[in-house]
Amino acid sequence: MKPNQPIRPSLITFFSVMLGLHLSVFGLIQKTSAQTFHLLIFADTDDPGLSAPNLMNISFLTEMANDVCQATGLKNQMMVFKGKDFLASRCDQVLSNFKPEANDVVFFYFMGHGWNNSETEEPMLLFKTQGQSPGPTNSRNLKAVFEQLRRKGNRLTLAFGESCNSAINDRSKAKGHNTRIMNVSAIQAEQLKNLFLQSRASILLHTCKRGQKSNSSEDGGWFFTSFYDQFKQFTSKSFRQQPAEWRALLSASTQSTIEYAREQGAVQEPVFQIFATETVAGSTGAAVATASPVSTGLSRVDSPSASVLEPSVSPVVTEPVSSPESTGDLTGICAINRVAFKALQSHLSYLKNFRGRVSTMEPDAAAEEFRKYYSTDRQEFFRLATQKLNVINLGPEDVAWFTKTCGETAELLDETNDYINDPQFRNIASSKLAIPIDNLGDTVARVQNLLRRCKE
């Protein structure tokens, strides 16, 4: 090569390739892909009743994300959609364009109003209405959001919905301050790694069962406060159980929420399901449950029903009541007031028929028909149904179940009647009547089961 003669491009390419191969062999050039913690928050901060608790939730979630990323080395990617960005269309856009890497962690957290469309156990998440009436247009089902996220192929997915799960337009109760966050010892990085680096699963959680309201105080949502309290304990240096596991953490958070709600005179029972990530690929939505140990930080991967804490009173209508059976005495069962039972069946038949027709009726006609049906006498019937049916002689758990179920029916019929003059009455009635119909159906089936035992 002559002095000052420029090197030809082909020679540059050759030497670049050879240099790259040499460095690669010795590990000096490595293609890296940093794992990321994606925190996606959708929060209603414009509603006067939810602004304060939701802003507190966001603050604590931010603190949690910072602690996780600092201890695990995960890259912190937090997106918060509130105020004018709290839109169903924005959620659609984010989920559609979202492309996490295989080893990433995705935590979706919704906090706002919600309702149940009577089609799934999971709530419909209600976004900003922009002048529209609350309904399917500005709502998204939590389970549908979860399914969309878990199919992204990342290692750990959490989708939490903190919202009511009952009739549309319900409002959660804000009861004063709620300072339950405990002071615990310093964070143990190893426990955070167990939860966020070693776990491979998809977790769906809603903060109350179908038919219930999700409550909050000025210091945050009742569930989130319980969850964050337990999270800090499970990841503290004083935590003795090894390793920290999602199932144990969420079970403790659920129980803490139930107990706190009970102390406040309310009922709120969170529900969660844990699925193995490996079952997602190519699935149609149903995870394959397994009881075998999983070496990913989870003690086991449960079927949906196994991971839900059951209430102390179970509304299962196919099981015989326990107290008369234990003594062999059927007197309490066979003394059921059959006239009241026929009236119960009649109410169920009417409400099912009305709900089937209401969406096609003229607005004034729909309101007038319900006005004629609704009366204080009928409400009194539901509130006193336990005595009128004469099931007061059954065991205490059964009496409590009948009292709660029929009382909830009366309450929701009251709420439906409150909207009798609302222009959206037909939509509201269609949603609100779903739970009374379910309640009455369960009650009729339970009484039929009791009467069937009388004939055996």
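Which helix holds Val-358? Val-358 is found in helix α10, residues 338-358; helices are DSSP runs of H or I with at least four residues, strands are runs of E with at least two, and both are numbered from the N terminus. The model is a predicted one, in which local features need pLDDT of at least 70 and side-chain atom pairs count only at pLDDT 80 or more, while totals for chains, interfaces and linings use all residues. Residues are numbered from 1 along each chain as its sequence is written, and side-chain values use heavy atoms, with hydrogens and water left out.

Val-358 has a relative accessible area of 0% and is therefore buried (buried is under 20% relative accessible area, exposed over 50%, partly exposed in between, with a 1.4 Å probe and protein chains only). Leaving aside neighbours within four places in sequence, Val-358 is in contact with Ala-366, Arg-426 and Ser-430, contact being heavy atoms within 4.5 Å. The C-alpha atoms of Val-358 and Ala-429 are separated by 7.9 Å, although the two residues are 71 apart along the chain.

Ala-429 also takes part in the contact between α14 and α15. The two helix pairs are set out below; axes are lines fitted to C-alpha atoms over the stretch in contact, and angles run from 0 to 180 degrees between N-to-C directions.

| Helix pair | Axes come within | Crossing angle |
|---|---|---|
| α6 (residues 222-234) and α7 (residues 246-263) | 8 Å | roughly 135° |
| α14 (residues 396-418) and α15 (residues 425-432) | 9 Å | roughly 175° |

At these angles α14 and α15 are roughly antiparallel, and α6 and α7 are oblique (under 35 degrees is roughly parallel, over 145 roughly antiparallel, 65 to 115 roughly perpendicular, the rest oblique). The α14 side of the contact consists of Leu-412, Glu-415 and Thr-416, and the α15 side of Phe-425, Ala-429 and Lys-432. By class these are 3 nonpolar, 1 polar and 2 charged residues. The contact of α6 with α7 includes Phe-227 and Phe-231 of α6 and Trp-246 and Leu-250 of α7. Its residues divide into 12 nonpolar, 5 polar and no charged.

Trp-246 is also among the residues with the most contacts inside the largest nonpolar core, along with Phe-37, Phe-160 and Phe-196. This core has 39 residues, and its largest share, 8 residues, comes from helix α2, residues 51-72. Another core, of 34 residues, lies apart from it and includes Phe-370 and Phe-402. A nonpolar core is a set of buried Ala, Val, Leu, Ile, Met, Phe, Trp, Tyr and Cys residues joined through side-chain atoms within 4.5 Å.

The chain has 16 helices and 11 strands, and 49% of its 456 residues count as buried.

Conventions
Ala, Val, Leu, Ile, Met, Phe, Trp, Tyr, Cys and Pro count as nonpolar, Asp, Glu, Lys and Arg as charged, and the others, Gly among them, as polar.
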